[in-house]
Amino acid sequence: MAVTIFILITLVFFTLSFMPVDPVSILCGPGATEESIKAVRKEFGLDDLAYIQYFRFLKNLIRGDLGFSWRSRQPVIVEIMSAIPYTVILAFAAMIIATLLGIITGIISAKKQFSLIDNISMGISLIGVSTPIFILALIFIYIFAYRLGWFPTSGSETLSHLILPSVCLGLFVAASIARLVRASMLDVLRQDYIRTARAKGLSEVMVVFKHAFRNALIPILTIVGMQFGLLLGGSVITETVFAWPGLGRLIITSINFKDAPVLQGGVMFFAGGFTLINLIMDIFYQFIDPRIKIK
Amino acid sequence: MEGYLRALFKNRISILSLIIILFVIGLAVFGPYFEKHDPLETHMAKMLRPPTGEFPFGTDALGRCVASRIIYGARTTLLAGLVAIVIGAVLGTFLGLVSGFYVGKVDNLIMRGLDVLLAFPYFLLAVVIVAALGPSLNSIMIAIGIWEMPYYARLVRGSVLSIKEKEYVEAARMVGEKDSSILMYYILPNCISPIIIMSTVYYAWAILMASTLSFLGLGVQPPAPEWGVMTAEGREYLLFAPYLLFFPALFVCLTASAFNFLGDALRDLLDPRLHMR
């Protein structure tokens, strides 16, 4: 895992060093004097060779220093730290919505496979998988903010600002969860022990929730864990559309302003955080299913 | 493959998806010959017209014909998706073939390398690549191709692992065929049908990703007609002219859904476990 994060940091550093941008023009603005350009190049260490900049970056990274934003001249770490709580709140709220909705729909669909309700909910979820999240977000803004006026279109001041982005992101992820939960429930419902449970006269509720759902829980948790990537990636777009001041929006604005240090730091935090979540999920599986051993 | 096609035509949703796909492809290929409006031509006197006879999908804030922008946008989107999956499929298939065939160090190296790419949540990898290359149509095609590469590689590697144990591969080896020709003539042809089937789903992903990146201003640049760009432009007039959002959004969702439904049906046919009973 440490190796993955290290390679990831290296990859992001060198990929973004190709960014077609002249930092001096951003830092000094047009019409800067020769001396001030020189001073700025020295201050940000832009004249050093790429590998020297890389090692300096690593050295500072260990100390929690990600450099200074080219736009605001603030430490990058400060900008990232102030954005992270917003992303965590949004991701958490969306994950709850996605998990509940996805699992319930998936189980009902699997239980009544090929029924009308199964076809309708799987049809909707396949359309949901095929709807880019920015379109979903704009439809939500149009209906619930413009037409009905129930929620604000953008911002982050109150709890009602959170509702549209989190429902939007939640629905987007719920669609994938529902489809995968249905598939793994179908797998479990065909096992011999389910037939045994039915044969000994248990009620359908007991069969579905006690015998089937518990066994489907491991694949379902894996599925929910895998959707974290979709959720975090989707949050970048949701945050941008709803002007929610999280890490994703910070990344997109830093691209628009060609603010390489913030972009670098933001992407590393995002991908690093995702890797960490995956590791925690892996450890978690071991607790719920002793058959899984971690190498 | 013929068996699959026959089963496919029994499924009403797959047929509908095929019709939609053919319609959108037809629109992209032949549409421009029938559309009389230029997608870039502005008519200041005819700004923000709602859908009417002359402009079936209305006009945008600069008086450009939305219908013709949708038609030309279909070309951009379909082509961008196609180039992207070709890049992804070629690179991914190569890596998958090599890593499945040479188990051990090479395999390990390739798969760990691809794991790093998969460590980026969803579309962040594409964003990083586009940021490095600068926003343009070419950048998003490369970015989406690289983003889809690991999925192709994993798919192909899985097939190679089972195919290379087959007797005909053993036989080819005994006759003294070189590794490269075993991979090319004995293993690759047997990987083709899963690659094609998954490509329908990956194509849907590519279309969604291309329009998302363009919507965020990282892909195709305005004033070029592209569905994601049009959605971004329509957003500013959402309150007064919701049709500016509706039509491009409809085409993105319709096209992606059709490919997703078709891919889903094909996958069910490949994996009979899922569609039994």
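Me: Hi! Leaving out residues up to four places away in sequence, what does Thr275(A) touch?
Reply: Hi! Thr275(A) touches Met1(A), Ile5(A), Leu8(A) and, from the other chain letter, Ala119(B). Keep in mind that this is a predicted model.

Me: Is Thr275(A) buried or exposed, and why?
Reply: Thr275(A) counts as buried because its relative accessibility is 8%. The residue lies in helix H12 of chain A, which covers residues 260–288.

Me: Switching to salt bridges: how many are there over all chains?
Reply: The count comes to 8. One of them joins the side chains of Lys111(A) and Glu204(A), at 3.1 Å from N to O.

Me: Which parts does that pair tie together?
Reply: Lys111(A) lies in helix H5 (residues 76–111) and Glu204(A) in helix H10 (residues 204–242) of chain A, so the bridge ties together parts that are 93 residues apart in sequence. Lys111(A) is partly exposed at 32%, and Glu204(A) is partly exposed at 34%.

Me: Which residues are in a network with them?
Reply: Lys111(A), Arg198(A) and Glu204(A) are linked in a network of salt bridges.

Me: And in chain B, what does Arg157(B) pair with?
Reply: Its side chain meets that of Asp107(B) in a salt bridge, 2.8 Å from N to O. Arg157(B) sits in helix H6 and Asp107(B) in helix H4 of chain B, 50 residues apart.

Me: Buried or exposed, that Asp107(B)?
Reply: Asp107(B) is buried, with a relative accessible area of 8%, while Arg157(B) is partly exposed at 22%.

Me: How far apart are the closest N and O atoms of Arg112(B) and Asp115(B)?
Reply: They are 3.2 Å apart, in a salt bridge. The two residues are 3 residues apart in helix H4 of chain B, so about one helical turn separates them.

Notes. Residues are numbered from 1 along each chain as its sequence is written. Chains are lettered from A and ligands numbered from 1 in the order in which they are written. This is a predicted model: local features need pLDDT of at least 70, side-chain atom pairs count only at pLDDT 80 or more; totals for chains, interfaces and linings use all residues. Side-chain values use heavy atoms; hydrogens and water are left out. Helices (H or I, at least four residues) and strands (E, at least two) are DSSP runs, numbered from the N terminus. Buried means under 20% relative accessible area, exposed over 50%, partly exposed in between (1.4 Å probe, protein chains only). Contact means heavy atoms within 4.5 Å. A salt bridge is a side-chain nitrogen of Lys or Arg within 4 Å of a carboxyl oxygen of Asp or Glu.
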